[in-house]
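This report takes up how the chains of an assembly meet and how some of their elements pack.

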Number of protein chains: 4
Amino acid sequence: MSSSLGTLFRISTFGESHCSGVGVVIDGVPSRMELHAEDIQFQLDRRRPGQSKLSTERDEADRVEILSGVENGLTLGSPISLLVRNKDQRPQDYGSMNQIPRPSHADLTYRQKYGIHASSGGGRSSARETIGRVAAGAIAEKFLAQEYGIEIVAWVSSVGEVEAGTIDFSSVTRAQVDANEVRCPDQKAAQLMAEQILAARNDKDSIGGVLTCVCRNLPAGLGEPAFDRLEAQLAHAMLSIPATKGFEIGSGFAGSAMRGSAHNDPYCFNKGRLATLTNRSGGVQGGISNGEEVYFRVAFKPPATIGQTQKTVDYHGREVLLEAKGRHDPCVVPRAVPIVESMAALVIADLALIQKMRQPY
Amino acid sequence: MSSSLGTLFRISTFGESHCSGVGVVIDGVPSRMELHAEDIQFQLDRRRPGQSKLSTERDEADRVEILSGVENGLTLGSPISLLVRNKDQRPQDYGSMNQIPRPSHADLTYRQKYGIHASSGGGRSSARETIGRVAAGAIAEKFLAQEYGIEIVAWVSSVGEVEAGTIDFSSVTRAQVDANEVRCPDQKAAQLMAEQILAARNDKDSIGGVLTCVCRNLPAGLGEPAFDRLEAQLAHAMLSIPATKGFEIGSGFAGSAMRGSAHNDPYCFNKGRLATLTNRSGGVQGGISNGEEVYFRVAFKPPATIGQTQKTVDYHGREVLLEAKGRHDPCVVPRAVPIVESMAALVIADLALIQKMRQPY
Amino acid sequence: MSSSLGTLFRISTFGESHCSGVGVVIDGVPSRMELHAEDIQFQLDRRRPGQSKLSTERDEADRVEILSGVENGLTLGSPISLLVRNKDQRPQDYGSMNQIPRPSHADLTYRQKYGIHASSGGGRSSARETIGRVAAGAIAEKFLAQEYGIEIVAWVSSVGEVEAGTIDFSSVTRAQVDANEVRCPDQKAAQLMAEQILAARNDKDSIGGVLTCVCRNLPAGLGEPAFDRLEAQLAHAMLSIPATKGFEIGSGFAGSAMRGSAHNDPYCFNKGRLATLTNRSGGVQGGISNGEEVYFRVAFKPPATIGQTQKTVDYHGREVLLEAKGRHDPCVVPRAVPIVESMAALVIADLALIQKMRQPY
Amino acid sequence: MSSSLGTLFRISTFGESHCSGVGVVIDGVPSRMELHAEDIQFQLDRRRPGQSKLSTERDEADRVEILSGVENGLTLGSPISLLVRNKDQRPQDYGSMNQIPRPSHADLTYRQKYGIHASSGGGRSSARETIGRVAAGAIAEKFLAQEYGIEIVAWVSSVGEVEAGTIDFSSVTRAQVDANEVRCPDQKAAQLMAEQILAARNDKDSIGGVLTCVCRNLPAGLGEPAFDRLEAQLAHAMLSIPATKGFEIGSGFAGSAMRGSAHNDPYCFNKGRLATLTNRSGGVQGGISNGEEVYFRVAFKPPATIGQTQKTVDYHGREVLLEAKGRHDPCVVPRAVPIVESMAALVIADLALIQKMRQPY
């Protein structure tokens with residue numbers, strides 16, 4: 001519902017761009033898990049603005065405070081509440097918004113839905129809402145790593161029309177991803193992508209991109225048929241991230257052009273278990289993980305806020321020229337990496353806890 | 001959870017391919033709505049197997065029985081339960097499945113999850129599970145049409161590498177879609193698609209495809225930030241359909257290659273309301289409908305069941321040659337049209353009821 | 001919501017008194033459990049009308065059909081759908097109801113809520129709706145017995161002002177309960193209760209009563225703080241049964257008159273575990289089971305349908321004399337025994353599955 | 001689930017007794033409602049410890065901070081997050097708890113459930129958890145008052161064996177309730193109750209009591225059959241409050257001793273609507289509000305923490321004498337008044353929003 005996600009590992013986020021803080025309550029975190037602020041902070045640092053010249057100048061330290069659910073560095077099993085104070089607020093940057101709905105922003109739709117909107121415009125559609133997700137995701141990720149050895153790595157696979165070359169899903173690491181500011185492990189492509197982003201910035205424009213994410217070491221059996229298939233939950237989670245327009249798992253849209261004889265993943269026997277020789281399924285069959293790598297792609301549109309003058313109309317329908325102020329990313333995909341990883345971790349953690357109700361087979 | 005979907009307009013489906021029946025319980029259908037079996041049957045007829053030479057030979061009349069929630073042709077506001085008996089069952093066709101997990105099927109993952117699987121293999125991953133969805137979706141659709149004038153039309157936009165030409169989203173009708181067996185309103189492309197499907201069938205093979213769906217006349221304001229955005233719910237619903245691998249809304253993956261100045265949808269004043277000049281957003285901004293057409297695409301992989309011999313291993317890891325029996329579609333997309341429409345209707349009906357809690361703004 | 005209950009062991013009931021059938025879909029039943037119609041039928045038989053001269057004359061065999069989720073006598077892990085056809089319908093008995101809302105019935109409130117009501121009046125408030133609960137509860141009960149050795153026994157502890165003497169919670173059995181038609185294991189009291197019920201019937205009147213229920217062998221640790229405490233869930237489940245007006249656990253209302261020094265349950269060491277010397281807590285502390293017996297009481301009002309003439313008003317506000325027709329129980333508590341047991345089983349099964357997500361401590 | 005309650009008006013509480021803060025996230029609060037910290041603070045002040053000599057000496061100002069969801073004194077429709085910092089923590093008071101589970105406390109059950117417990121013992125079973133409920137309830141109450149004119153008043157109707165005389169449900173006010181420290185509007189009984197509480201305190205003991213609550217001006221039609229009946233939701237909410245052991249609505253347990261002819265509430269025509277001459281139903285029929293006053297009673301056991309020495313065993317099963325330290329209420333019912341009101345408001349607000357999906361009938 002709205003600001004909550006998950007059944008057993010359940011989060012409720014709160015906070016707008018320009019209120020006093022953003023955060024999350026996480027219910028269902030297993031007890032007796034070691035947990036410190038640093039376990040959460042590292043992903044917030046990867047998400048925070050002002051990291052490089054490729055992102056917004058808004059500068060927020062985004063320090064997380066653990067309000068509850070942890071004592072002496074151990075989780076209690078009770079709800080963990082996390083708070084990040086908003087600091088570098090400049091609501092004055094948003095003055096014109098009271099008159100003019102920004103194109104492809106949520107100003108108008110929030111007004112249509114609620115009869116009011118926050119001074120920062122689209123309120124909960126702000127990228128700052130994702131802080132709660134990333135904070136909660138860092139905990140989910142820690143749980144999954146400890147309990148199952150699960151690894152989740154996302155990276156930028158395209159910016160504009162520049163695409164990364166082949167990345168080895170079984171070995172790519174976050175260190176490789178973070179080796180450049182774009183967060184593309186193909187260093188050559190990363191260079192071209194950075195140029196695209198800076199060119200867009202110079203043109204007072206913005207540019208879109210695609211993230212790829214791989215989840216390794218998932219146990220078989222995760223995902224609930226019929227409606228809560230693993231891929232359905234992942235699609236839901238990814239399309240709930242601001243600025244996303246598409247999701248595909250395994251062979252995705254390209255797979256729809258294939259024939260079954262070429263698309264099927266035959267089984268083999270490998271390391272003591274039934275494995276698949278190929279993995280066009282993306283690690284899921286019938287909505288349930290099969291023990292292979294789960295990988296998927298998420299499309300992000302170019303940010304709607306651009307410095308260029310736009311011809312549009314105000315709330316009264318009068319034609320106006322809109323010039324954006326405010327500080328915004330010319331491209332969101334580098335900072336979206338920890339968000340995608342976190343959303344994946346939240347989905348998988350929830351499905352893993354649900355599967356525990358069943359006998360291990 | 002699992003076999004339920006929705007918050008206020010809520011469905012719970014049941015039934016496997018080879019048990020005594022499949023169906024659905026729908027809670028939250030508005031009361032005093034006229035409802036007869038025919039309102040539901042027409043979409044089941046579009047979904048049922050054996051309609052044309054392009055689909056499986058399994059022949060099921062799939063007659064729906066309304067068990068509860070309706071009296072004298074009027075809904076009571078209580079749960080509506082719908083039942084379709086399974087008739088043309090041939091479990092003997094599935095004999096070999098007890099030894100060999102079919103490639104890219106859910107046989108193995110069901111066993112990994114539950115320690116058992118239905119004689120028909122992937123149990124709830126069977127296409128027959130979608131009967132409950134389509135039956136419920138027909139009711140959702142009727143409600144949306146009466147209350148808001150909403151129209152939902154899906155069609156086949158590609159089969160294999162054959163793509164339909166431009167379709168006019170604002171005028172395309174179901175009659176045009178149903179004018180050919182492929183359900184592609186571009187008659188020329190439909191012919192080529194049909195050839196592709198028959199060629200696959202002749203080769204004992206299968207082929208994938210893409211559906212496009214448009215939803216017209218949605219009121220502005222539907223969709224719940226942050227996690228239950230309209231596009232997130234649609235993505236969830238679509239990726240919960242068997243054989244789907246991808247979802248994109250509005251500009252989708254192609255939009256990620258664009259710049260913001262080209263991608264943004266400027267506002268204009270049209271017919272008494274703020275409208276957008278273009279609609280790359282796909283009718284949603286910040287996860288909330290803006291009154292424009294909502295359109296999206298869904299990728300379907302080629303069916304996993306093929307007549308060709310496949311080299312794979314059995315549950316003991318021994319190499320075997322698998323020859324499929326059973327009756328299956330060489331291509332699912334023509335029959336998936338009412339399924340996609342129904343899932344869209346279910347999502348929109350739920351969000352429409354939720355939005356009613358708010359003042360009209 | 002509404003017609004669904006539970007998180008992991010989840011039921012959705014459907015059906016009114018006079019439609020073609022009533023039933024339930026149960027999602028989350030563990031797989032590979034032996035299950036046959038008889039496992040369910042025995043509780044339906046205890047619930048069904050026409051069992052004795054103490055209950056309604058409506059005669060329904062109430063045979064259950066398993067529609068899905070079971071194959072070859074084993075559960076598949078998929079939704080189990082159960083259907084009981086309505087047979088002995090006499091809607092003509094309800095003719096006057098279209099003009100006159102029956103006092104203390106749901107005729108008026110259903111109309112206020114939905115703008116319509118079923119020909120049988122309160123629609124889903126009918127006792128027949130509980131068939132789905134009892135059928136689902138029988139499965140929950142079987143699971144709990146197999147997995148934990150849990151025993152659930154309810155009985156009639158008062159009818160009108162006649163109260164049963166002391167019953168031994170640790171040994172009372174269903175056979176003792178069913179030894180008389182009232183279902184009170186105190187045979188002397190049962191005789192007096194039967195007289196009360198027959199006297200009420202002879203006076204064309206009805207009479208209320210109280211059920212007590214004990215749940216033995218619950219593992220410690222069931223119940224989710226803060227809102228889903230075991231007692232909160234039990235209270236919810238019990239007050240959702242038609243005609244209930246109260247719930248108390250352990251010392252209940254009487255406990256509120258006590259002092260802490262007399263009320264506290266001190267710990268002792270018994271049979272290898274920490275136990276309590278007394279059990280005024282009713283087996284729960286902080287909303288979580290502690291391994292002692294869980295016991296509670298449920299108050300049922302006298303049935304609203306009585307043969308006596310009642311002075312009331314019709315829907316137009318005109319004074320009328322109402323004479324009830326139809327066939328109704330003069331006292332519901334004997335037949336409520338399996339309903340209370342089933343609701344308890346459903347709550348406990350759900351909490352037991354949820355607790356499985358945690359390490360065994 | 002666990003720490004969340006509600007469907008459309010949904011709260012998620014967090015915080016233990018001795019962590020850095022307690023609070024709540026509330027999702028679904030209608031937008032454009034005036035809201036200031038004082039709207040919330042007044043109920044927290046009625047709940048806070050240290051108000052009188054009848055309650056614990058723990059002194060907490062319990063000042064609420066609105067973190068999100070409100071701007072310029074107006075709600076935005078987004079989640080409202082409220083935080084109250086813990087201040088007067090004395091975890092050293094709880095030192096012995098690591099060795100000895102306190103009788104009738106949640107120390108042992110939390111350990112059985114989570115394998116760990118907070119230094120304050122029963123963690124989330126602490127009364128401080130209720131701060132989030134009261135804060136959220138104050139907002140729900142404001143919404144209900146503005147939108148429907150609903151009034152909710154709870155009071156102490158018994159302490160130990162002292163019972164209040166007849167209170168006029170249709171006129172009793174909070175001012176009358178707060179006129180004495182016990183919060184019983186029968187001033188004479190209040191005096192006797194206060195004596196009981198002080199006597200218990202002097203004896204290093206505690207004492208239980210009962211609250212009565214009336215909700216006036218509810219519109220007809222609230223409550224969702226079958227499982228989410230108004231009384232079922234109220235029972236759930238009330239039994240989720242720490243130290244509660246019972247709930248009854250309308251005639252309650254006493255009603256179970258009556259006959260139908262005496263218990264039924266006949267209809268009359270009054271002030272333009274169908275009303276009931278009596279109200280033994282407690283304002284609900286078939287789980288749905290009928291427009292009459294909803295009233296119910298909640299039983300609270302005597303607090304488990306007493307100063308007297310108790311003979312019990314430690315976690316190793318060794319007999320010990322336990323002497324409680326810490327600061328605790330000898331009787332919780334005076335401070336429970338705003339908690340019961342808040343829980344009622346939360347339930348009603350949720351059901352009111354749900355009912356909005358239906359046409360007004």
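Two residues are in contact if their C-beta atoms, placed from the backbone, lie within 7 Å. The model described here is a predicted one, and the contacts between its chains are read with that cut-off.

## Chains C and D

The contact takes 93 residues from chain C and 93 residues from chain D. On the side of chain C that touches chain D, helix H2 (residues 107–114) of chain C gives the most, with six residues, and by class this side of chain C has 37 nonpolar, 40 polar and 16 charged residues. Because 100% of the interface residues of chain C are also interface residues in chain D, the copies meet through the same surface.

## Chains A and B

In the contact between chains A and B, 93 residues of chain A touch 93 residues of chain B. Helix H2 (residues 107–114) of chain A supplies the largest share of the side of chain A that touches chain B, namely six residues, and the residues of that side divide into 37 nonpolar, 40 polar and 16 charged.

Chain A is superposed on chain B by a rotation of 180° with 0.0 Å of shift along its axis, at an RMSD of 0.0 Å. The C-alpha of chain A nearest the axis belongs to His236(A), 2.3 Å from it, and the same surface serves both copies, as 100% of the contact residues of chain A recur in chain B. Strand S11 (residues 244–249) of chain A pairs with strand S11 (residues 244–249) of chain B in the antiparallel sense over three bridges, and Phe247(A) has Phe247(B) as its bridge partner in S11(B).

## A sheet and its helices

Chain B holds an open sheet of five strands in the order S1-S2-S3-S7-S4, with antiparallel pairing. Strand S1 (4–5) and strand S4 (64–68) of chain B stand at the edges, each with a single partner strand, so one side of each is left without a neighbour in the sheet. Helix H1 (residues 37–47) of chain B packs on the sheet, touching S4 and S7 of chain B, and its direction makes about 140° with that of S4(B). Helix H3 (residues 130–148) of chain B lies across strand S2 (10–14), S3, S4 and S7 of chain B, running at about 35° to S3(B).

In chain A, too, an open sheet of five strands has the order S1-S2-S3-S7-S4 with antiparallel pairing. Some strand pairings are set out below.

| Strand pair | Bridges | One pair of bridge partners |
|---|---|---|
| S3(B) and S7(B) | six | Gly23(B) and Leu83(B) |
| S4(A) and S7(A) | four | Ser68(A) and Ser81(A) |

## A helix pair in chain B

Helix H6 (residues 230–239) and helix H9 (residues 333–355) of chain B pack at an angle of about 140°, with their axes 9 Å apart, and H6(B) passes H9(B) in a right-handed crossing. Residues of H6(B), including Leu230(B), Leu234(B) and Met238(B), meet residues of H9(B), among them Val340(B), Met343(B) and Leu351(B). By class, this contact has ten nonpolar residues, one polar residue and no charged residues.

## Ser104(D)

Is Ser104(D) buried or exposed? Ser104(D) lies in the loop between strand S7 (80–85) and helix H2 (107–114) of chain D. Since a residue is counted as buried if 20 or more other C-beta atoms lie within 10 Å of its own, Ser104(D), with 29 such atoms within 10 Å, is buried. Leaving aside its neighbours within four places in sequence, Ser104(D) is in contact with residues of chain C, including His263(C), Asp265(C) and Gln285(C), and with Ala304(D).

Conventions: Residues are numbered from 1 along each chain as its sequence is written. Chains are lettered from A and ligands numbered from 1 in the order in which they are written. This is a predicted model: local features need pLDDT of at least 70, side-chain atom pairs count only at pLDDT 80 or more; totals for chains, interfaces and linings use all residues. Helices (H or I, at least four residues) and strands (E, at least two) are DSSP runs, numbered from the N terminus. A residue is buried if 20 or more other C-beta atoms lie within 10 Å of its own, exposed if 12 or fewer, and partly exposed in between; C-beta atoms are placed from the backbone. Axes are lines fitted to C-alpha atoms, for helices over the stretch in contact, and angles run from 0 to 180 degrees between N-to-C directions. A crossing is left-handed if the near helix is turned anticlockwise from the far one by less than a right angle, and right-handed if clockwise. Ala, Val, Leu, Ile, Met, Phe, Trp, Tyr, Cys and Pro count as nonpolar, Asp, Glu, Lys and Arg as charged, and the others, Gly among them, as polar. Two strands pair if DSSP finds at least two bridges between them. Copies are superposed by least squares on the C-alpha atoms of residues with pLDDT of at least 70 in both.
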